[in-house]
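Hello,

Here is the structure I said I would pass on. Please look through it first; my notes follow below.

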Amino acid sequence: MPRIGVFICHCGENIGATVDAAAVAKAAGELPGVVHAVDYKYMCSDPGQNLIKEAIREKKLTGVVVGACSPRMHEPTFRRACAEAGLNAFLCEMANLREHCSWVHEKLPETTEKAIDLVRVMVEKVKRNRPLFPINVPITKTALVLGGGIAGIQAALDIANAGHPVVLVEREASIGGHMAQLSETFPTLDCSQCILTPRMVEVAQHPNIRLYTYSELESLEGFIGNFKAVIRKKARGIDEATCTGCGACIQKCPTKKIPSEFNAHLGHRTAIYVPFPQAVPNKPVIDRAHCTYYRTGKCKLCERVCPTKALRYDQEDLLVEVAVGAVVVATGYEVKGTDFFPEYGYGRYKDVITGLQFERLASASGPTLGAIRRPSDGQVPETVVFIACAGSRDPAKGLHYCSKICCMYTAKHAMLYKHKVHHGRPYVFYMDIRAGGKMYEEFVRRAIEEDQVSYIRGRVSRIYEKNGKLIVKGVDTLLNSRPVEIAADLVVLATAMVPQPDAEALAQKMKISYDGDRFLNEAHPKLRPVEMNTAGIFVAGACQAPKDIPETVAQASGAASKVIGLFSKDELSREPVVAVVNRTAPPLFSTCVGCFLCETACPYQAIEREEIKDRNGNVLKTVARVNQGVCQGCGTCVALCRSKSIDLQGFTNEQVFAELVAL
Amino acid sequence: MTEQRILSRQNLGPLFERLAADGRRILAPVRHGDRVGFERVTRPDEVALDYVQTRTSAKSAVFPPYEPLLQFALQGKDVQVAEPAPDAAPTVLFGVHPCDAASFATLEAVFTWDTPDLPFESKRANLTIIGLSCTQGDAYCFCTSVGGGPGDPRGSDILLTPIGATHFLAEILTERGQAVARLAGELLEPHRGNGKDAALAQIPPRFDARQLGAKLPALFNHPAAWQEQALRCLGCGACAFVCPTCSCFDITDERDRYHGVRLRCWDSCGLALFTLHASGHNPRTKQSERWRQRVMHKFAYQPERLGVLGCVGCGRCSRACPVDMNLAQHAQQLAETAV
Amino acid sequence: MSTIAAPAAPARRSLYTPYRMRIAKVTDEAPAVKTFRLEFVDPADAAAFDFKAGQFGEYSVYGEGESTFCIASPPTRKGYIECTFRQVGRVTSALADRDEGDIIGFRGPYGNIFPIEQWHGKNLLFIAGGIALPPMRCVIWNCLDLRDRYKDVTIVYGARTVADLVYKHELAEWDARPDVNLYTTVDPGGQTPDWKGRVGFVPTVVEQVGPSAADTIAIVCGPPIMIKLTLPVLTKLGFQPENIFTTLENRMKCGVGKCGRCNVGKLYVCKDGPVFTFAQLRDLPAEY
Amino acid sequence: MEFAVSAFEPKLVAFVCNWCTYAGADLTGTSRIKYAPNVRLIRLPCTGRIDFMLLLQAFGKGADGVIVSGCHPGDCHYTAGNFHARRRWTLFRRLLDFVGVDLRRVHFAWVSAAEGAKWAELVNDVKTKIQALGPYDAFPKRLDGRPQPAEVA
Amino acid sequence: MEALRQRARELLAAGTVQAVLGYAAGSEPDRARPCFVRTAAEADGLIWNEHCRQNLATYLQKPEVRALGRLALVARRSTLRALLQLAAENQLADGRVVALFVADDGAVTELPTLAAIEELVARLPRGLSDADRQELDRIAALPLGERQAYWAGEFARCIKCYACRAACPLCYCARCITEANQPQWIPVSSDPLGNLEWNIARAMHLAGRCVDCGSCSDACPEGIRLDLLNHVLAEEARTQFGAEPGYSVRKDYALASFKPDDKQEYIR
């Protein structure tokens, strides 16, 4: 028979006033298996704890029940006391006699009866408790950062500066992301590239950062502290070590009329190219879809002009495997194209552009070298209409959310236009102006008041071309919904921010969750905003939700500090309240039949497949195994398992069952 | 001691009343749609007398699906143990066919061959069996292959055989039967000639169970005899649970907070876990081995060890089997297999 | 808490009603293996109780069920019985949770016996593996307590690891006795640095020891694989099957030939066994 | 549970998650809001852990009513345990209803860690309703009717 | 029927399969029994009629049947669904069986892959038979007390023989919950609580998985309409969660997934 000790706390008058603590202790003392039962004024006090410790030693207790306050209050206290007396901490349970009994019921016999019931239930539970030990998981102190935009750059630098190796993976040929495309940034109007490029260079030169550009995540396996990532390094067509980045190949490339992605298709690039002059690394890639050699088998002009003979036409994609302990996902966003909007011409009108395209027009390094010229004929637009909320907050378009940055950058665009075209007439159609943020409201006011941007509150219903002008039809809802019609030379749509087109595929590859809009789901919207549900994976930037640069950088630093915190220990120690799949004698090995229906139910992807093999390596059976490094102990799998092959330590079927039988 | 009398169907009502007045409960076949089962009755109009076979057998009267062996209460370190009061209600099992009546001899052999079994014996001692000869059979009946017959008196204390539409021939066979006859008194009229055989169903014998039993040991290691037949066996317990002679059981405890019972529950040798050792080792891992055990037990082991056949040819197992295993057919095949 | 109103005392005691036994002593033998010494609560039970080496019983925890083990103590030691069990299922786990002073149930003794009286004047060779020593311990002590009736006593006992060896104190005791030849062994890899016994599988050790078959009775208990590999060794040494004994451990519920679980062919292990010679087993189907 | 009372006092068993409802019930305590003492809580990490078999066990053990409560949708400590639980309950309720288990005796709720008052209201409300229904005799009980007479079913 | 026998002969003769699992004549004209045809000559014993009801997919998990090698399986709609569901649950490798689907007109379609089964089963009519539907509605419409009494009466006849479990193609657990005794979830004895718990547990464990073959109640020696419990849950899972088990090899278990806006009007 187990040897259980029961300790009933009066909590001063808190319990003692309504519950007859002595009677509870007496009743507990008569329960089968209870060898010691006492009550005391303050069990959590030092003398109280000593009562427990002495009893554990003297009565050789195999389990302890403390009838006191809520376990959410003092469970750690009493468990520690037990551990100090040599009893495994998990052999201590608490009966909640205060919050769930004395404080909520009147002083009646029923209240003491209930207290006795609560104690008995825990006595029966604790009889089935088993010693549990913290789970230690070794940690590979290398971080993988996915995405080389400002979020990834910030996270990588923070982690690297803390002394940990970082593998930074960027899909494009250069890091920099969208921020590199921007002209000026709100609300300070400082030059985006000026603040970004030094950080890009820092990344390239950092001894702790291994940079993989033009690369993508192929697969990710493992769990917190122990991931194995495979990175696909796409064939650039050049040997990066040999190439000096002189640019001779780009100069000579005969295919020059390829729309430039970096310039949002407003300019052109060659088939062998670097995305932009400040690219990091400054090594070109060959766009095989457009390259004459790859299309016809003839050309190789670039090879002829290359002073270092760095071209490698037969280069293949390379798969690189890296072991990492944590992952920061910072894969960023895309903006909806103008073709998303039938009412604005399905993208047919060259002079209806997106905000990102306007950034390139306004940028000193852009296709017009910073002059505001409309794409159709290169004329300076006299009237420009900016339309905010293009797609965002529009259920009809399937995008319910606010893209958050459009109000600010639209004001910025209007302002930049006015600064460059002094006589120009900027109009902004908006729904609400959302300018929460330091100096944000002031910035918008400046646009309206100092730069005389005309703000019209209303939606634009239609845009059509007429006599070389774009007729913008809308209403002004502040003027009794009076119809408004503006003949514009250029229309800029603040199109909605959306996740990258392959965000869903990436999330599935990493087994992390995402919402209906395909943005990644943080573990908790308030308290765990930079963690993913899958332990060891963190998130930064607009892949989680639309956000601006300061917020992105803050989140990136937050994610980095989480990673650094994780890396601060050699082993991760976790509470052993985790699920386990049973193991039995052969020939069954486990009662698990390997249906793996639990696999999808697990919110943490902690269910793995384990092959049971005979001596010759033949697979006899495939059964589930819970990765104890990943499992958080919710027990959803336990309730789901038909054959009762998974159990949750600390809340086992036997324990819960015993509680019910004891009721 | 056999005496022959006549019982008019009209007199069943008064007979039931006298049995009840004597403190006996009556279990008899009752029809619900296409299903007939033994239930407690008080009036003859509740009873189905024209049935071929009930779904489950009458063995529950002495060997219920579950019954308490012990009761106990935990008190601190101590435990109080008590044997449940024996079930002493005198019972009349009315209207069972001769196959079922014969099954009690097998059950008795199992439960009393070595060590007395009080829970069984207390019920058996209080049971009087009023059998009912079969005037109809079906394709599954094979009592005549296992030493019985549609009018076989063995096992019955009184055997009724319908004579015409209005009367029964009542054969009073045992002392317990005499006791009922005394209660019945004038309800049992003098016998006027013998019409028993004409009324009985025709059940042609299909094999000789004694000969089969003698042959089975030699077939034990004859895979063809078992494997093909058992391949379709699903390994459920339906055949054993409807069988009037199957008596394998499990002993299991159930408890509430601090008191409980030790129960005897039906079990079946066809279930895969029946013989599983705690170590994971199982002496009978294959369904064919378990099917073989069932056949061997009924036709070879029990006759040899206990002197009784473990089969009365009621055909319930074959009717109940979800995959139509048909024991009689297989037994016939085995009987015809050259060793 | 309710108590059960005692029914009118039955004329006879049901065979399913266990003796009330008090746990007098608990010994931890090996990981998850314990030995209980059990004393009769009712002195009348103790007085009426008798058994012989090789018999078994049904041990029960009220509310959890019954489990079958041999009686591991010899009938020469009166006043108590002992059982040794490994914690594997519902009943054995509940048993393992019991402590000294607790009451459990026991009914028995059941089954046949080792015919030790027929072995007078012969050499005895005991071969056991792992948790199968308990059924043999009863016979070993029985014979050692009547030492002068037997000639040489040789014991070969092996386990997977040193920790898995049961009755460590008694092994030492036997080892120290001049009238017992004890060979303990552990499977390769199961030894500890200070292990003084042999390293190797039991059949191999038997072969190394090479006991004479002349006038010798062999008693073999262990896992099926050990028995399978030991038999050829004994045969090679000249042992006849009728001089090799073992006990079977088929699953049982009633213990008295009713529940239908334990039969091997037409034999009930609970009634006709558990002790069999290999000459008997040779004629039985391999359902054990 | 044993109550020495004259009026029918229902036995209620509540299965609650650790993070929301258990904490909510703690808040009821710290707020000193009074409610009926008929309820016994079984604390589990998450509603996802609550096996439907446990609810049957509670009734089999003599509960007259059962409460199941956890975090509001979206608030689950484990993100989605309550969503899984909700699907299970939806099916379970349908089955219970079909086999004639009185659904008025099974109450589901979301009670957050902040809803101490709601917890008290819930318990009181369930108690009143079950009290009106009376003891749940229709549900078979553990060790019910044992020993059973050897009547043939 | 002849078409079926012919396909069986060809598959066996060609060595495509080692055995054809089909139906043979039963003890009586109104019964059919599963049979294992190993040679082309034996194929004459195959029959096909309305009594061929057992779901033969049940046999695929049995070691003895696995040992036969590659099988052809005579299949109804529910058999095909069982195959897909077993595959979705990691219990059936693609290509291990060739399904021989027999249509109402006796036409036989050979389905060598799971993809082929998926393709065919998608085209078959869905839903319960009229008789099942009527019985379901009849019971569902009973007042609560009568419904309770009806099922208490039905379950009282349950003898826990577990034929329902043995006949079910998706009850393949190596250790059923009824056999788990630490804790003893379901009483061993066929008492009222145990029978209720067993039947509820069985139905819940098949919720979102059941392929509506009815084998459970066909197998019940007491004729308890267990399948109705499954149908009720299948319907609920379909209407609430869009669950259509047995139509795809994709793992799509309604109880292991969720939508944030799933029904919850009963939760306060």
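To begin with a term: a residue is called buried if 20 or more other C-beta atoms lie within 10 Å of its own, exposed if 12 or fewer do, and partly exposed in between, with C-beta atoms placed from the backbone. This is a predicted model, in which local features need pLDDT of at least 70 and side-chain atom pairs count only at pLDDT 80 or more, while totals for chains, interfaces and linings use all residues. Residues are numbered from 1 along each chain as its sequence is written, and chains are lettered from A and ligands numbered from 1 in the order in which they are written.

Backbone of chains A and C

R393(A) is partly exposed, since 17 other C-beta atoms lie within 10 Å. Its phi is near 55 degrees, which is positive although the residue is not glycine. R393(A) sits in the loop between β21 (383–390) and α12 (406–420) of chain A. Helices (H or I, at least four residues) and strands (E, at least two) are DSSP runs, numbered from the N terminus.

A32(C) also has a positive phi without being glycine, near 65 degrees. The loop between β1 (19–30) and β2 (33–40) of chain C holds A32(C), which counts as partly exposed because it has 15 C-beta neighbours inside 10 Å.

There are cis peptide bonds to look at as well. One joins P586(A) and P587(A), with omega about 5 degrees; P587(A) belongs to the loop between β33 (579–581) and α16 (597–601) of chain A. Another runs from G273(C) to P274(C), with omega near 5 degrees, and P274(C) is in the loop between β12 (244–247) and β13 (275–277) of chain C.

Chain D

Chain D has four helices and four strands, in the order β-α-β-α-β-α-β-α from the N terminus. It has 153 residues, of which 67% count as buried. Two residues are in contact if their C-beta atoms, placed from the backbone, lie within 7 Å. Of the contacts in chain D with a separation of 6 or more, 81% are between residues 24 or more positions apart.

Where chain A meets chain D

Here 37 residues of chain A are in contact with 34 residues of chain D. On the chain A side, the elements giving two or more residues are α4 (98–102), α5 (109–127), α17 (636–640) and α18 (653–662). The most come from α5(A), with eight residues.

Regards
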